[in-house]
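Please keep the sequence and the model in view while going through the points.

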Amino acid sequence: MTDGEPTVKRGRKFDQVLSGARDIFMVDGFEGASVDDIAKTAGVSKATLYSYFPDKRLLFMEVAKMECVRQADSAIENIDMSEHADKVLTQTAWQMVRFFTSDFGQRVFRLCVAESDRFPELGREFYQSGPALVREKLVSFLKVAISRGELEIDDLALAADQFSELCKADLFPRLIFSIDMTFDERQKERIVTGAVKTFLARYAA
């Protein structure tokens, strides 16, 4: 970092500024978001906003990173990895399907994809805190399931990726092409059940 490069400063209203910026960026993206709107939504003056974030790019990256962390926290939470493989895979599939079909999940994905050309590091951040993290956690569980004699897998990373893709079947393409924006529980259950059955048909011991 050079001496002249702007940096983020933290203070009493830092989280307040981030919250307001998140609301604006998630709707308008980077290009469409105005500093005036961000300051108004955050309930701070433009001077206060600039005291924390000297330019809009820094603010956008901070918001995007925060959303990526939230995505990571939502990826595979509250799942008891000590359960049998079929139960863990079912719970994991539900978490994944519910996340990417949620309004929050869709907004994060669209924001990161839309701005990844302008901010290449954002795409990497999104990947590392999303798909890469899910793969890492799945691989860890698959190793345990193999050691318990529940699964037989040679290529763990490939198997984890295959499971993630199975969970996206049908619904995810319809979302990203704006064919459908909401799905009922029956539609989600169809994907979850199909993903688990297909995976176990290939890898169950």
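1. Basis of the note. This is a predicted model, in which local features need pLDDT of at least 70, side-chain atom pairs count only at pLDDT 80 or more, and totals for chains, interfaces and linings use all residues. Residues are numbered from 1 along each chain as its sequence is written, and side-chain values use heavy atoms, with hydrogens and water left out.

2. Secondary structure and extent. The chain contains 11 helices and 0 strands. Helices (H or I, at least four residues) and strands (E, at least two) are DSSP runs, numbered from the N terminus. Read from that end, the order of elements is α-α-α-α-α-α-α-α-α-α-α. The C-alpha trace spans about 60 × 40 × 30 Å along its principal axes.

3. Of the 205 residues in the chain, 42% are buried. Buried means under 20% relative accessible area, exposed means over 50%, and partly exposed lies in between, with a 1.4 Å probe and protein chains only. The chain exposes about 11000 Å², of which carbon and sulfur atoms supply 50%; accessible areas come from the Shrake-Rupley method with a 1.4 Å probe, and for residues only the protein chains shown count as cover. Among contacts in the chain with a separation of 6 or more, 71% join residues 24 or more positions apart, a contact being heavy atoms within 4.5 Å.

4. Charges. There are 28 positive and 33 negative side chains, and the centres of the two sets lie 3 Å apart. Lys and Arg count as positive and Asp and Glu as negative, while His and the chain ends are not counted. The place of a charge is taken as NZ of Lys, CZ of Arg, CG of Asp or CD of Glu.

5. A stacked pair. How many aromatic pairs does the structure hold? There are 10. In the pair Phe60 and Phe119, the ring centres are 5.0 Å apart and the planes stand at 25°, so the pair is stacked. Rings of Phe, Tyr and Trp (its six-membered ring) pair if their centres lie within 6.5 Å; planes under 30 degrees apart count as stacked, over 60 as edge-to-face and the rest as tilted. The pair links distant parts of the chain, 59 residues apart: Phe60 is in helix α4 (residues 56-75), and Phe119 is in the loop between α6 (103-115) and α7 (120-129). Phe60 is buried at a relative accessible area of 0%, and Phe119 is buried at 1%.

6. A tilted pair. The rings of Phe199 and Tyr203 have centres 4.9 Å apart and planes at 50°, so this pair is tilted. Both residues belong to helix α11 (residues 185-203) and are 4 residues apart, about one turn of the helix. Phe199 and Tyr203 are both buried.

7. A ring cluster and charges over rings. Phe25, Phe30, Phe60 and Phe119 are linked into a cluster by ring pairs. The charged end of Lys56 sits over the ring of Phe30, 4.6 Å from its centre. A charge sits over a ring if NZ of Lys or CZ of Arg is within 6 Å of the ring centre and within 35 degrees of the ring normal.

8. Positive phi values. Which residue in the loop between α9 (156-167) and α10 (171-176) deserves a look? Asp170 is found there; its phi is positive, about 70°, although Asp170 is not a glycine. Asp170 is partly exposed, with 30% relative accessibility. Ser178, in the loop between α10 and α11, also has a positive phi, near 60°, and is a residue other than glycine. Ser178 is partly exposed at 45% relative accessibility.

9. Thr101 lies in helix α5 (residues 85-101) and is buried, with a relative accessible area of 9%. Not counting residues up to four places away in sequence, Thr101 touches Gln106, Leu171, Leu175, Phe183 and Lys188. Leu111, in helix α6, is buried at 8% relative accessibility. Leaving aside neighbours within four places in sequence, Leu111 is in contact with Phe25, Met26, Gly29, Phe60 and Leu122.
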